[in-house]
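Here are my notes on the model, as numbered points. Have the coordinates open while you go through them.

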Amino acid sequence: MPVFMDRTRLSPAHLPKRLLHREKEFSLLRKFLEAGVERGDDVFYSRVQVVGPVGAGKTTLCLMAGQEMQRKHRNLTHAYVNLRRFTSSKVSIYRYLVKSVAEEAYSVSLSAEELLENLLHFLKNTGQRLIITFDDADYHVSMSRGRETVVYDFTRLHEFSSVRPLNVLGVVFVSRESGYGGYLDRAETSSLGASVLRLEPYTREQLIDILADRVSEAFVRGAVPDNVVEYVADVVSKPPYSGDVRLALDLLLYAGNLAENDGRDVVKVDDVRYALSETISVSRAAEYADLPEKPKAVLLSIAKVLQRRDEQTAELKEIREMFSLFCESHGLSESGFDKALSYLAERGYVEKRGDKVGLVGVDARRLSLLLEQLLKR
Ligand SMILES: Nc1ncnc2c1ncn2[C@@H]1O[C@H](COP(=O)(O)OP(=O)(O)O)[C@@H](O)[C@H]1O
Ligand SMILES: [Mg+2]
């Protein structure tokens, strides 16, 4: 008997049917956003901060609230921008935003400011209204070090554009801490607004409910006994993990794969223990999970070459061959290798030295295990 019914249900990309134990937060976020839709003048827009630790459901909460607003209101779009996917350059972020909302308002030759202004004109002229979520905004702010940030622009839209009505109705900034690591100045902090939604870490009991719910979607009935779910909840509710549901789901996926590889139809507590011992520190694991597919594949290729060779760095030529093999076996196109490699180097995942590449801050064995898991779903 198989263990999984549908393992993709454990992936962070999968939106669960419901967000247990976040009902209050959900309705509060909706209320904040509704205030922007029902505004009294043509300048007001809602600014909301969603703050909470890794795996507290921040991203999911915003995506679900955005979807609901879209469903409920005509001519309203929710745009989701994960700032961790970009370098700190505003222009690349706005290109992405404008392209995804208003292809007509986009052109490569435009500066960040021009793109923003074009977007606002587009919204005004078409009557389209927009709610935007900027996820991992603290990451962006800390990378920007003194340069103007997206947070700066989007807390002050009404000041530096004269386009009216301003058809951006709401902006949600997601971060791990409300202080942004001290990188924001006082004015920015105050214009971020008083609407702060704090997601407290899930407790053990809440985690058990949430995981049982997800397990019933992903696994065959009976494949994950209660004591396994309880063990995962136990581990994850304690420091250093602080209720990280993503880690919990990763552990369950990993444990399920172990059971499957052994030909068992029931997951054991010891599978979870094994999975835990093989898991990279939480915060890094979440970062790897957020990488786009091609960089993930290139990183996996590097890790595999390094495991085979056991040297400090791997030769580009060999990495490229490994990458081709991987793409072939996974039905991916082989394009984009160089771009993906620069992506990784710019963000500090790898170090390039001439035609050699090294890993930063992680061993090849664990990284390959993690990436193989991530690329499977
Ligand atoms: N209350 C919940 N019910 C079901 N799944 C949840 C819940 N909270 C978080 N998750 C799941 O946990 C994972 C991490 O959530 P995410 O929204 O990415 O957290 P964050 O953005 O705070 O790091 C996702 O797969 C999400 O579906
Ligand atoms: Mg998130």
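1. Let me start with Asn-75, which counts as partly exposed because its relative accessibility is 39% (buried is under 20% relative accessible area, exposed over 50%, partly exposed in between, with a 1.4 Å probe and protein chains only). Asn-75 is in the loop between α2 and β2 (76-82), where helices (H or I, at least four residues) and strands (E, at least two) are DSSP runs numbered from the N terminus. Its phi is near 55°, a positive value in a residue other than glycine. Most residues other than glycine have a negative phi, and most peptide bonds are trans.

2. Some housekeeping before going on. This is a predicted model, where local features need pLDDT of at least 70 and side-chain atom pairs count only at pLDDT 80 or more, while totals for chains, interfaces and linings use all residues. Residues are numbered from 1 along each chain as its sequence is written, chains are lettered from A and ligands numbered from 1 in the order in which they are written, and side-chain values use heavy atoms, with hydrogens and water left out.

3. Ser-242 also has a positive phi, near 40°. You'll find Ser-242 in the loop between α10 (226-237) and α11, and at 29% relative accessibility it is partly exposed.

4. Have a look at the peptide bond between Arg-164 and Pro-165: it is cis, with omega about -5°. Pro-165 sits in the loop between α7 (157-160) and β4 (168-175).

5. Now the charges. Side chains of opposite charge can pair when their charged atoms come close. Counting a salt bridge as a side-chain nitrogen of Lys or Arg within 4 Å of a carboxyl oxygen of Asp or Glu, the model has 23 salt bridges.

6. One of these pairs Glu-68 with Arg-30, at 2.9 Å from N to O. The two are 38 residues apart, with Glu-68 in helix α2 (residues 58-72) and Arg-30 in helix α1 (residues 23-37). Glu-68 is buried at 17% relative accessibility, whereas Arg-30 is partly exposed at 26%.

7. Arg-246 and Asp-290 form another salt bridge, with the closest N and O atoms 3.9 Å apart. Arg-246 belongs to helix α11 (residues 245-261) and Asp-290 to helix α13 (residues 282-290), so this pair ties together parts 44 residues apart in sequence.

8. For Glu-372 and Lys-304, the closest N and O atoms of the salt bridge are 3.3 Å apart. This one links helix α17 (residues 364-376), which holds Glu-372, to helix α14 (residues 293-309), which holds Lys-304, across 68 residues. Both ends are partly exposed: Glu-372 has a relative accessible area of 36% and Lys-304 has 27%. Elsewhere, Lys-90, Glu-113, Glu-148 and Asp-153 are joined into one network by salt bridges that share partners.

9. One annotation to check against the fold: an unreviewed UniProt entry lists residues 209-275 as "domain: Cdc6 AAA+ ATPase-type lid". UniProt positions are in the numbering used here, feature names are shortened, and annotations may be inferred rather than shown by experiment. In the model, that span is 69% helix and 0% strand, and its end C-alpha atoms lie 21 Å apart.
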